[in-house]
Each structure stands twice: as C-alpha cells, then as structure tokens.
Amino acid sequence: MSHAAAQAEPSAPITVPVPLGERAYDILVGRGLIGTAGARIAALGARAAAIVTDAHVGPLYADALAASLEAQGLRISVTVLPPGEATKSYAGLERVCDAVLEARIERGDLVVALGGGVIGDLAGFAAAVVRRGVRFVQVPTTLLSQVDSSVGGKTGINSRHGKNLVGAFHQPSLVLADTALLDTLPIREMRAGYAEVVKYGLIDDPGFFAWCEAHWREVFAGGPERDRAVAQSCRAKAAVVVRDEHENGDRALLNLGHTFGHALERITAYDSARLVHGEGVAIGLCLAFRFSASLGLCPRADAERVEAHLKAAGLPTRLGDVPGGCGTVDALLDAMAQDKKVKGGALTFILARGIGQSFIAPGIEAESVRAFLRDETN
Ligand code: NAD
Ligand code: MG
C-alpha cells in the first residue's frame with residue numbers, strides 16, 4: 001500500500017471510555033479522525049454545530065472539519081479567535097457565547113472546540129453557560145490538549161486575579177483526538193505536551209515510563225506509538241478523574257511537577273517566549289524527584305533517570321535552564337505560596353518514592369523547600 005493510500009484509509013481508532021455515569025463519554029484516538037467527525041457528531045443527534053477555533057488551527061483544519069459536518073447535513077458556523085492564552089478571557093468568552101447564540105445552537109446541538117487547551121477551555125466554558133449548558137465536543141489539536149486538557153471536564157477562563165479562576169466542570173459529549181493534526185504542531189509545543197505524557201508514567205505507571213524511554217522518538221515522529229502514548233495518557237487521566245471528578249482528593253496527583261512548574265510560570269510572568277507550561281512541568285518533575293531524593297524518600301538513581309529522559313526529549317530540567325533566570329529562592333517560595341493548593345502556610349507537594357510511586361504529601365515545611373532550592377540554585 002502506498003503512503004498516500006495508508007493516509008487516506010485511517011486505521012480503527014483506539015477508544016478510551018470515560019465512565020462518569022450520566023456524563024460518560026468516549027475519547028477516540030487515531031490518525032485521520034477529523035474526516036469522520038461529521039458522522040460521529042451527527043450520531044449524537046445534533047442538527048447544528050458551532051465550531052470554535054484559533055487563527056493558527058483554523059486555516060489548517062477548519063475546512064476539513066466543516067466539510068465533514070456539512071456532509072451529514074449539519075448546519076455549521078465557524079468562529080476564529082486570536083491564538084494564545086490572552087484569548088481565555090472575559091472578552092473571549094463574550095465572543096464565543098454570542099457566536100454560539102447567533103448560530104442558534106439549541107440544547108440538542110453542539111459546540112465543537114477545534115484547537116489546543118486555550119480553545120478547549122474557553123469553548124467548553126461557553127458551552128457550560130450558554131442557555132445554562134449545551135453539549136460540546138473536543139477536537140484537541142495539541143499534544144497537551146489531547147493528553148490532558150480535553151480530558152476531565154475542567155473548563156474556564158483567566159481573570160486578572162489568576163489563571164483558570166473562573167470556570168465550571170462541564171464534561172464533553174465526545175473527544176476526537178486526531179493524532180495526525182500534531183504533524184503541524186511546532187516542536188516546542190510537542191515537547192511541552194510530552195512532559196505531561198511522561199508525568200503519567202511517573203505518577204503510577206513505571207512500565208509506561210520505561211515504554212516512553214524506549215519509544216519517545218516514534219511518538220514525536222507520528223507512528224502508531226503516538227496513538228498509543230496519547231491513548232495511554234487519556235486512560236491514566238480518565239482513571240483519576242473517574243475516582244475524583246471534582247478534585248477533592250486523588251486528582252491532586254495530576255499536579256506532580258506542577259507546584260514548582262506553576263511557580264516558574266509565575267516568575268517568568270507567563271511569557272511563553274521564556275517558558276511554556278510543559279517546560280515548567282518538565283523542570284518541576286525533575287525538582288519533585290530531586291526533592292524527594294533529598295528527603296531520603298526516593299533513590300537518587302530514579303531522579304537521574306527522570307532527568308535523563310526529559311533532557312533526551314529536548315526539555316529543560318534545571319532551574320538554570322529557565323531563559324532569563326528563575327529569580328531568587330525567596331521569589332520562588334513566594335510564587336509557590338500563591339498556588340491555590342497551599343493550605344494554612346504549609347505546602348502540599350506531590351512527592352515520589354520512586355518512578356511510578358507518587359503520593360500526596362501535605363504539610364511540607366517551607367524551610368525544607370528553601371534548603372533544597374538553595375542547593376538547586378547553587
Ligand atoms: P494553546 O491552545 O495555546 O496551543 C498552543 C499553540 O499551538 C497555539 O499557538 C495554537 O494556535 C497552536 N496550535 C494548536 N494546534 C496546532 C496544530 N495542530 N498545528 C499548529 N499549531 C497548532 O496551548 P495548549 O498547550 O494546547 O493549552 C494550554 C491551555 O490549556 C492553558 O490555558 C491551560 O490552562 C489549559 N489546560 C487546561 C487543562 C484542563 O484540565 N482543562 C489542563 C491543562 C491545561
Ligand atoms: Mg499541566
């Protein structure tokens with residue numbers, strides 16, 4: 001079979017069920033899924049769909065998605081927003097809500113988010129509030145959104161008080177993760193999403209981490225290993241979400257690497273030229289393992305293995321890797337204390353006893369973090 005023929009005939013997608021009772025849905029993972037979106041969305045009973053996308057993704061994929069929907073007789077509209085985090089705002093929400101209302105989307109119809117996490121979070125939140133809730137479908141187009149933000153039902157926008165502070169839980173009706181769409185993703189965004197993939201292995205699946213060490217090149221290149229990595233990540237996140245849909249307990253494990261990572265994002269003023277979220281997470285994962293090792297909880301060799309893998313994949317692993325520097329230890333601690341996961345002065349960390357053995361550690365004293373960070377910045 002020629003390469004072109006292989007592309008024209010997508011193999012059967014991998015299905016990852018998210019069993020949330022009345023809100024249960026499927027995540028489908030595979031190359032070429034966008035061409036099947038019309039039939040799958042029509043099967044949900046919708047007669048109209050409001051596509052929301054950004055100005056990078058729209059020109060690449062909106063026509064293919066629209067054609068697939070129109071072929072099923074769905075009435076469609078397309079709203080194209082500026083790319084970037086600034087779009088996840090009150091102004092962005094107003095635009096999407098008005099566009100959805102103008103498209104006469106009713107309760108039985110759908111909003112379709114075609115884009116990365118910014119579009120997914122924004123369009124999902126608009127779907128949660130327009131007419132007190134209409135259904136939505138995620139067509140995530142970044143690795144990060146395929147393995148993380150499109151799974152779990154958290155939607156929202158940023159406020160001047162901080163990121164993601166205004167939002168709602170609103171589960172999608174379907175997620176179509178077309179892994180071929182990642183072929184056009186800038187390498188830096190690909191790597192950033194990959195940090196979250198590795199995170200799932202580090203949380204509780206040492207076998208998956210070892211698989212990543214062996215297959216990461218194929219994941220980047222776009223072979224069947226990419227589908228496998230995306231599907232395994234969705235399974236891992238879905239399992240946590242099903243145990244703890246509204247983040248009262250276990251879901252915090254998904255924040256492995258994020259306490260440090262968020263602090264670094266804050267210190268670099270969310271300037272994506274300096275640091276994108278996944279890069280902060282990569283450094284944060286390494287710090288979480290080195291911190292665990294320094295507390296005597298985790299073998300040093302495991303911390304070294306984590307760093308070696310992320311570095312091989314082209315990700316930053318040290319505070320010194322942050323372009324323009326990461327500020328003083330005190331500034332880092334302050335930035336960490338602002339994290340919403342801080343309770344009563346003590347910090348809650350996700351630490352590890354080894355690769356795939358992470359646990360929630362509340363009540364970590366600021367002093368021990370300070371001593372560790374002092375070593376890290378020397
Ligand atoms: P993003 O949506 O900004 O996309 C990154 C960049 O890639 C953008 O410039 C975008 O236009 C471009 N792009 C997207 N798909 C492309 C493609 N296929 N080809 C070429 N370019 C493409 O960023 P992201 O990393 O996907 O998502 C980050 C957002 O996700 C943040 O706002 C974060 O808060 C949110 N998030 C939400 C959750 C959740 O549970 N809801 C979880 C993690 C992150
Ligand atoms: Mg993250």
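Q: Which residues does UniProt list for "binding site"?
A: The unreviewed UniProt entry lists Glu196, His258 and His277. Keep in mind that the model is predicted.

Q: How many residues do they span in sequence, and where do they end up?
A: They span 82 residues in sequence, but no two of their C-alpha atoms are more than 10.1 Å apart, so they gather at one spot.

Q: Take His258. Which helix is that in?
A: His258 belongs to helix 10, residues 258-267.

Q: Buried or exposed?
A: His258 is buried, because 23 other C-beta atoms lie within 10 Å and the cut-off for buried is 20 or more.

Q: And what is His258 in contact with, leaving aside neighbours within four places in sequence?
A: Val281 and Gly284.

Q: Now His277. Which helix, and is it buried or exposed?
A: His277 sits in helix 11, which covers residues 277-294. With 25 other C-beta atoms within 10 Å, His277 is buried.

Q: What does His277 touch, not counting residues up to four places away?
A: His277 touches Ala192 and Glu265.

Q: Switching to ligand 1. Which residues come nearest?
A: There are 29 residues around ligand 1, and His56, Gly116, Gly117, Thr142 and Ser149 come nearest.

Q: Which helices and strands supply at least two residues of that shell?
A: Helix 3 (57-70), helix 5 (117-129) and helix 6 (143-149) each do, and so does strand 8 (162-169).

Q: What's the shell like by class?
A: Around ligand 1 there are 12 polar, 9 nonpolar and 8 charged residues.

Terms used. Residues are numbered from 1 along each chain as its sequence is written. Chains are lettered from A and ligands numbered from 1 in the order in which they are written. This is a predicted model: local features need pLDDT of at least 70, side-chain atom pairs count only at pLDDT 80 or more; totals for chains, interfaces and linings use all residues. A residue is near a molecule or strand if its C-beta atom, placed from the backbone, lies within 6 Å of it. Helices (H or I, at least four residues) and strands (E, at least two) are DSSP runs, numbered from the N terminus. Ala, Val, Leu, Ile, Met, Phe, Trp, Tyr, Cys and Pro count as nonpolar, Asp, Glu, Lys and Arg as charged, and the others, Gly among them, as polar. UniProt positions are given in the numbering used here, feature names are shortened, and annotations may be inferred rather than shown by experiment. A residue is buried if 20 or more other C-beta atoms lie within 10 Å of its own, exposed if 12 or fewer, and partly exposed in between; C-beta atoms are placed from the backbone. Two residues are in contact if their C-beta atoms, placed from the backbone, lie within 7 Å.
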